[in-house]
Amino acid sequence: MAELRGSFGDAPKHIVTRSFGTPDLHRLEVYESKVGGYSALRKALLEVAPADITNEVKTSGLRGRGGAGFATGTKWSFINRDAPGPKYVVVNADESEPGTSKDRYILENSPHMVVEGILIAAYAVGANQAWVYIRGEYDEPYRMLTEAIEEARAKGYIGPKPMGKDYPLDIRLYRGHGAYICGEETALLESLEGKRAQPRSRPPFPAVKGAWGRPTLLNNVETLATVPWIINNGGAAYAKFGTDKSPGTRLMSVSGNVRKPGVYEVELGQTFRHVIMELAGGPPEGRQVKVFWPGGSSAPVLPESMLDTHTDMEALAAARSMGGSGGVIVMDETHCVVRAAHRLLRFYAHESCGKCTPCRVGGDWAVRTYDRILANQGSQVELDILLRVSDGLQNGRCLCGLGDSAGWVIDSTIRHFREEYEDHALRHECNVGAGAAHA
Amino acid sequence: MNSPAKSVLSSHLVEEIKELPAKYPQPRSAVMPALDLAQEELGYLTPEAMSEVAALLQLDPGYVEGVATFYTLFHLEPVGKHRFYVCTNLSCMLRGSNEIVDHVKHAIGVKEPGEISADGLFSYEEVECLGACEYAPMMRFDHRFHYDLTTEKIDRLVAEMRSPEPSSSPLTPTLSLEVEREKKPRAARKKKADG
């Protein structure tokens with residue numbers, strides 16, 4: 001296989017990745033016989049009342065690993081299990097946040113772990129049908145998940161009587177077609193319903209009116225992959241990891257200018273210095289970390305001086321950033337912050353769904369402003385425009401977080417690297433390594 | 001319904017598309033899977049193909065076109081037989097994706113994204129993050145990811161695709177990101193994925 005880059009194997013702080021690296025783990029028989037797979041599903045279906053499964057997840061303190069960090073157990077309890085008619089579990093496997101590859105890592109290493117988590121969640125909230133919305137570019141994870149579902153179906157774990165329990169369970173896949181916005185849960189639902197993926201206004205929330213107008217639980221791949229461990233070991237055992245408010249571990253995909261890019265399972269509360277300098281091996285020989293995005297491209301940047309920031313969500317909020325998707329992008333001092341921000345704004349402008357005016361207009365406006373600055377046509381006016389556009393994109397002016405994210409890129413890079421912006425806009429020069437040659 | 005005078009889709013595909021709506025809680029969800037099938041057969045979505053899909057799903061042609069134009073994986077113009085989708089987002093950019101893009105253009109002899117090479121074999125696009133950042137710079141080539149890209153790897157891939165007799169293993173292990181974990185024959189798995 002492609003070289004496994006990241007955490008695998010049994011280590012004291014590994015929960016999700018402890019079985020990774022087991023040969024043929026993607027086969028049901030190996031998942032079951034070698035690492036005790038599907039024991040949590042058996043326990044959930046045969047020994048525990050659905051409400052107690054949800055309570056166990058609540059006790060664990062697990063928070064959604066997609067980006068928003070909402071309490072998973074609480075989210076499950078929003079679904080009225082006794083409401084008549086179909087209910088759905090929809091799995092967000094539309095991983096598209098720049099710098100984030102952890103869901104792909106999980107799906108390629110242990111697809112059955114995801115299947116098991118999905119089935120447990122469906123039973124807990126009273127759904128019989130789960131849909132996995134998987135991004136269209138994930139060819140290999142799609143194949144592996146398809147095969148895992150087929151194996152589970154052949155074994156009877158998916159079907160009319162899983163583990164002998166009279167409770168039909170089914171999982172089906174729906175492929176995305178290239179739209180970052182589908183990572184936003186209501187846009188994903190629109191897409192699943194065969195529409196242009198434009199976020200819905202809430203309320204109603206998906207727990208009340210989600211996929212095809214029915215009560216729907218939406219969870220991220222990593223969130224659900226964590227559930228079997230919690231059911232096997234208890235929520236309290238999970239809560240012993242991490243911090244009080246951000247319990248457990250999370251997978252952080254570290255990329256960019258590091259020696260050992262990879263997907264590392266990190267106990268929440270560890271520092272970014274540990275993640276970037278130790279796990280990922282630090283910057284290349286002779287280089288220095290200049291800035292990092294701690295939770296995907298949407299998380300406001302932190303400069304090297306803040307490497308000792310802790311990885312839990314509270315510490316990140318205090319540092320005016322966020323844990324986001326767990327994607328850590330590291331940039332060294334040979335790269336220009338203004339160029340990096342320009343690249344990300346091109347991304348947000350391209351991916352805006354066009355529904356909310358501030359985001360539809362603001363993204364392009366910012367890109368054009370960066371274009372002028374990088375063409376040495378900038379002045380104080382351009383800097384002022386960037387800050388105004390950034391403000392216009394933020395603070396709840398858009399239905400979803402895409403606009404805010406674009407604004408945070410501008411805002412946080414200017415906050416920490418104002419001098420680089422002024423070099424470009426006012427003095428028409430770039431004083432940064434590789435960038436200097438192009439300015 | 002604007003049903004086109006002459007079908008541009010094969011008869012078995014028409015049957016397949018007609019069966020799709022029943023597979024979803026509401027028939028509209030079939031629109032993307034149906035467009036997928038049409039694109040797979042034709043290479044890209046012509047206005048006629050979109051109209052025909054609309055007629056088969058009993059949807060308005062404008063609605064179907066609206067969906068097709070929203071998502072980047074639907075091609076509305078002809079594309080090369082093989083497509084390079086090179087990630088140029090930040091994680092790959094920091095590890096040299098701009099050089100990779102320049103080299104792909106040079107290797108297949110085109111100037112712009114979407115332009116088809118003279119031999120019809122290739123086209124390329126610059127795409128957003130593909131979620132394999134630990135292997136940057138990376139790309140998707142047709143339906144497969146390629147990791148740790150170098151200009152040499154691009155050259156070898158292009159040469160291999162151009163060679164009149166494709167070798168039995170179309171991509172060498174060093175070249176592809178082939179996931180070798182699987183013990184199953186690749187052919188069997190591919191068949192399933194394609195079918």
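Me: In what order do the five strands of the open sheet in chain A come?
Reply: This is a predicted model, to begin with. In chain A the order is β6-β5-β9-β7-β8, with mixed pairing.

Me: Which are the edge strands?
Reply: β6 (262-267) and β8 (302-303) of chain A, each of which pairs on one side only.

Me: How do β5 and β9 of chain A run, and how many bridges join them?
Reply: Strand β5 (residues 249-256) and strand β9 (residues 327-332) of chain A run parallel and are joined by four bridges. Across that pair, A:Val254 is opposite A:Val328 of β9(A).

Me: What does A:Phe292 touch?
Reply: Leaving out residues up to four places away in sequence, A:Phe292 touches A:Phe272, A:Ile276, A:Val301, A:Leu302, A:Val328, A:Ile329, A:Val330 and A:Met331. A:Phe292 is also among the residues with the most contacts inside the largest nonpolar core.

Me: Different strand. Why is β4 of chain A described as largely enclosed?
Reply: Because five of the five residues of β4(A), residues 216-220, are buried. A:Thr216, A:Leu218 and A:Asn220 point one way, A:Leu217 and A:Asn219 point the other way, and all are buried.

Me: What sense does β4(A) pair in with β1, and over how many bridges?
Reply: Parallel, over five bridges, with β1 being residues 88-93 of chain A. One of the residues on the β1 side, A:Asn92, has A:Asn220 in β4(A) as its bridge partner.

Me: And α9 in chain A, how many of its residues are buried?
Reply: Eleven of the 13 residues in α9(A), residues 221-233, so the helix is largely enclosed by the rest of the structure. The buried ones are A:Val221, A:Glu222, A:Thr223, A:Leu224, A:Ala225, A:Thr226, A:Val227, A:Pro228, A:Trp229, A:Ile230 and A:Ile231.

Me: What comes just after α9(A)?
Reply: A:Gly234, with a positive phi of about 95 degrees.

Me: Where is A:Arg320?
Reply: In the loop between α12 (313-318) and β9 of chain A. A:Arg320 is partly exposed, with 15 other C-beta atoms within 10 Å.

Me: What does the domain assignment give for chain A?
Reply: Domain 1 is 28-238, domain 2 is 249-332 and domain 3 is 337-436. Over C-alpha atoms, the centres of domain 2 and domain 3 of chain A are separated by 22 Å. Their contact takes seven residues from domain 2 and eleven residues from domain 3 of chain A. On the domain 2 side, the residues divide into five nonpolar, two polar and no charged.

Me: How many helices and strands does chain A have?
Reply: Chain A has 18 helices and nine strands. The radius of gyration of chain A is 22 Å, close to the 22 Å that the globule rule gives for 439 residues, so chain A is as compact as a globular protein of that length. Along the principal axes its C-alpha atoms fill a box of roughly 75 × 45 × 35 Å. Buried residues make up 59% of chain A.

Me: How much of chain B is buried?
Reply: Of its 195 residues, 37% count as buried. Chain B has eight helices and four strands, and the pattern along the sequence is α-α-α-α-β-α-α-β-β-β-α-α.

Me: Last topic, the contact: how many residues from chain A and from chain B?
Reply: The contact takes 49 residues from chain A and 40 residues from chain B. On the chain A side, α13(A) gives the most, with six residues. The residues of that side divide into 16 nonpolar, 19 polar and 14 charged.

How values were computed
Residues are numbered from 1 along each chain as its sequence is written. Chains are lettered from A and ligands numbered from 1 in the order in which they are written. This is a predicted model: local features need pLDDT of at least 70, side-chain atom pairs count only at pLDDT 80 or more; totals for chains, interfaces and linings use all residues. A residue is buried if 20 or more other C-beta atoms lie within 10 Å of its own, exposed if 12 or fewer, and partly exposed in between; C-beta atoms are placed from the backbone. Helices (H or I, at least four residues) and strands (E, at least two) are DSSP runs, numbered from the N terminus. Two strands pair if DSSP finds at least two bridges between them. A nonpolar core is a set of buried Ala, Val, Leu, Ile, Met, Phe, Trp, Tyr and Cys residues joined through C-beta atoms within 7 Å. Two residues are in contact if their C-beta atoms, placed from the backbone, lie within 7 Å. Ala, Val, Leu, Ile, Met, Phe, Trp, Tyr, Cys and Pro count as nonpolar, Asp, Glu, Lys and Arg as charged, and the others, Gly among them, as polar. Domain bounds come from an automatic or database domain assignment. The radius of gyration is taken over C-alpha atoms; the globule rule is 2.2 Å times the number of residues to the power 0.38.
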